[in-house]
Amino acid sequence: MENKGKIYVIGIGPGNLEHMSQRAKDAISESEVIIGYKTYTNLVKDLIENKEVIDSGMRKEIERCNLTLDKALEGKVVAIISSGDSGIYGMAGIMHEVVFDREASIEVEVVPGITASNAAAASLGAPIMHDSCTISLSDLLTDWDLIKKRLECAAMGDFVVSLYNPKSKGRVTQIEEAREIMLKHKKKDTVVGIVKNAKREGENIVITDLEHMLEEDIDMVTMVIIGNEKTYVKNNKMVTPRGYKI
Ligand code: SAH
């Protein structure tokens, strides 16, 4: 008998229903089982009444993916959810890897979402209008030396840089070092946008610069966007010009 099971890896966007795609909503409503970190299943609680909901803690990603696959192999449609986009520091990669590893024959559909840097950028103005990159400061899975090298290259190339996972209770020095690396190549008045809880309840937007950025409150629900040499602030908006002559 053909297995009717399917896996959706869903990016639910920054954290309110209005910024979630219609495809994500449809996939959630089609799913019989919803699996995800509690904060994220809470965000979509209105959509998942009467479904089997499995909340799990952080750092249990492999377990969560194995469970998702087990349920799908039983013939269920299962949604595993990440905040933002599931393919950007989310669950999409590891879900595919677990399916590869177990040589399972199951359909996996990744449903894209608005990632934190895009959400924060919209709230700041238009800081990512030119070449940019995203760098996660979390060294749980990546060597800090490699992260430092990427920060250095990004700064040297004058990229706009979006920093994910900038600082947690246990990881406080990375953002300081990242700033120092930026200052090797970028001027200290380079514009920096800091958005906490972008496009969700409790949003807080700050525009500052490389010199003063550490005076601001930065934590694990914060996105830090460092401009390029042309980025400027006007009327409280952070804008990186594309180069149009107006
Ligand atoms: N898959 C997610 C990113 C997960 S990494 C996405 O695409 O957005 C987690 C980091 O993302 C957090 O530490 C924080 O830096 C950032 N983040 C996620 N949601 C955010 C939000 N609404 N506002 C600000 N930063 C957010």
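Analyst: Let us start with K71 and E52, which form a salt bridge whose closest N and O atoms are 2.9 Å apart; a salt bridge here is a side-chain nitrogen of Lys or Arg within 4 Å of a carboxyl oxygen of Asp or Glu. The pair links distant parts of the chain, with K71 in helix 3 (residues 61-73) and E52 in strand 3, 19 residues apart; helices (H or I, at least four residues) and strands (E, at least two) are DSSP runs, numbered from the N terminus. Please keep in mind that this is a predicted model, where local features need pLDDT of at least 70 and side-chain atom pairs count only at pLDDT 80 or more, while totals for chains, interfaces and linings use all residues. Residues are numbered from 1 along each chain as its sequence is written, and side-chain values use heavy atoms, leaving out hydrogens and water.

User: Is K71 buried or exposed?

Analyst: K71 is buried, because its relative accessible area is 14%, where buried means under 20%, exposed over 50% and partly exposed in between (1.4 Å probe, protein chains only). E52, at 33%, is partly exposed.

User: And what does K196 pair with?

Analyst: K196 forms a salt bridge with D217, with 2.9 Å between the closest N and O atoms. K196 lies in strand 9 (residues 191-196) and D217 in the loop between strand 10 (204-209) and strand 11 (222-226), so the pair ties together parts 21 residues apart in sequence.

User: How many salt bridges are there in the whole structure?

Analyst: A search of the whole structure finds 13, and K6, R23, E107 and E109 are linked in a network of salt bridges.
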